[in-house]
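Please look through the structure shown below before reading on. This briefing then takes up its covalent link, its aromatic rings, one of its helices and the chain as a whole.

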Amino acid sequence: MDHKEVLSLLLLAAVWLPPCSGTPERDGGGWAAGSEVELQDEGPCSIDVLDAASLTHRQFLERYAYTRPVILTGITDNTKFRLLCSKTNLLGSFGDRSIRLSTANTHSYKKVDVPFREYVDVLLKPQSADALGSDTLYFFGDNNFTEWSPLFDQYQPPAYGLPGTTAAYSFGVAGPGSGVPFHWHGPGFSEVLYGRKRWFLYPPDREPHFHPNRTTLSWLQETYPVLPPEEAPLECTIRPGEVLFFPDRWWHATLNLDTSVFMSTFLG
């Protein structure tokens with residue numbers, strides 16, 4: 001049975017099986033099992049959090065799309081996709097597939113190809129605050145859309161887009177304390193399937209103070225506590241069921257508080 005047939009059976013299970021206490025959604029998809037490390041401090045939330053039902057697409061374009069980030073709830077329903085992203089299901093379907101890892105620094109210079117199972121078993125571990133970004137390998141993006149299409153085809157992207165843009169997915173799995181230091185690119189959405197991801201954002205004209213080869217965790221511990229109020233970022237932690245929108249060219253850094261599985265939808 002190939003990985004497409006396995007995913008088809010798992011998708012049927014997602015449709016027909018009722019929730020129970022042992023389902024992946026209840027236990028963190030198996031990603032938290034055996035991990036003794038998580039970061040408890042979610043920090044404040046200075047970003048608007050809205051139910052998508054209370055915000056039309058037109059209002060989204062007028063109020064947020066080009067000016068500031070927003071977190072939307074209820075804009076996607078990826079219950080089935082989340083089940084397919086449990087640890088057991090991903091390893092069963094893609095464990096032997098090669099994935100491309102990037103270094104967790106601002107410019108992500110280095111790329112390394114490893115089997116997905118090796119990444120999960122060996123490299124997916126808590127981040128040390130002393131580690132340099134150039135020494136930290138991170139699975140996010142550079143996805144093989146041919147091999148992973150049976151999974152990605154099940155993802156339901158946010159319903160709101162930007163005129164004249166098309167969507168491109170970037171999927172990842174990362175350990176607690178990992179993340180990407182400040183950088184910028186085009187607009188998009190970020191959704192967490194498992195775990196929690198803390199975001200820090202600055203508008204394009206307010207470049208933050210950071211070292212491009214130091215991790216977000218080290219920035220949080222060393223720089224963040226001494227920032228004057230006028231230099232504080234916009235920030236919030238997103239959980240499963242919440243989708244963060246980031247506008248074009250906004251500086252942002254991320255920190256995974258748990259082992260996290262996530263999907264970004266870039267608009268370009």
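A disulfide is counted here when two cysteine sulfur atoms lie within 2.5 Å of each other. The model is a predicted one, and by this rule it holds one disulfide, which joins C45 to C236 with a distance from S to S of 2.0 Å.

**The disulfide**

- The torsion about the S-S bond of C45 and C236 is about -100°, and therefore this disulfide is left-handed.
- C45 lies in the loop between α1 (3-16) and β1 (49-51), while C236 belongs to strand β9 (residues 234-238), so the pair ties together parts that are 191 residues apart in sequence.
- C45 has a relative accessible area of 41% and is partly exposed, whereas C236, at 6% relative accessibility, counts as buried.
- Another cysteine, C85, has a relative accessibility of 0% and also counts as buried.

**Aromatic pairs**

- To describe a pair of aromatic rings, one gives the distance of the centres and the angle of the planes.
- The structure holds 29 aromatic pairs, and one of them is formed by F182 and W219, whose rings are 5.0 Å apart from centre to centre with 80° between the planes, an edge-to-face arrangement.
- Because F182 lies in the loop between β6 (167-174) and β7 (188-194) and W219 lies in helix α7 (residues 216-222), this pair ties together parts that are 37 residues apart in sequence.
- Both F182 and W219 are buried.
- F189 and F245 form a pair whose ring centres are 5.2 Å apart and whose planes stand at 55°, so this pair is tilted.

**A cluster of rings, and charges over rings**

- One aromatic cluster is formed by F81, F94, F116, Y119, F139, F145, W148, F152, Y155, Y169 and F171.
- The charged end of K197 sits over the ring of F262, at 3.6 Å from the centre of that ring.
- R198 lies over the face of Y224, and here the distance from the ring centre is 5.4 Å.

**Helix α5**

- Which residues of helix α5 (residues 116-123) are buried? They are F116, Y119 and V120, and among these F116 and Y119 are also members of the aromatic cluster.
- Seen down the axis of α5, its buried residues fall within an arc of 95°, which means that they line one face of the helix.
- The face of α5 that is turned away from this buried side carries D121 and V122, which are exposed.
- The buried residues of α5 pack against α4 (87-94), β3 (98-103), β4 (111-115), β5 (137-140) and β6.

**The chain as a whole**

- The secondary structure of the protein chain comes to seven helices and twelve strands.
- Of the 268 residues in the protein chain, 48% are buried.
- When contacts between residues at least 6 apart in sequence are considered, 83% of them join residues that are at least 24 apart.
- The accessible surface of the protein chain comes to about 12,700 Å², and 53% of this area belongs to carbon and sulfur atoms.

Methods. Residues are numbered from 1 along each chain as its sequence is written. This is a predicted model: local features need pLDDT of at least 70, side-chain atom pairs count only at pLDDT 80 or more; totals for chains, interfaces and linings use all residues. Side-chain values use heavy atoms; hydrogens and water are left out. Rings of Phe, Tyr and Trp (its six-membered ring) pair if their centres lie within 6.5 Å; planes under 30 degrees apart count as stacked, over 60 as edge-to-face and the rest as tilted. Helices (H or I, at least four residues) and strands (E, at least two) are DSSP runs, numbered from the N terminus. Buried means under 20% relative accessible area, exposed over 50%, partly exposed in between (1.4 Å probe, protein chains only). A charge sits over a ring if NZ of Lys or CZ of Arg is within 6 Å of the ring centre and within 35 degrees of the ring normal. Contact means heavy atoms within 4.5 Å. Accessible areas come from the Shrake-Rupley method with a 1.4 Å probe; for residues, only the protein chains shown count as cover. The arc is that of the directions from the helix axis to the C-beta atoms.
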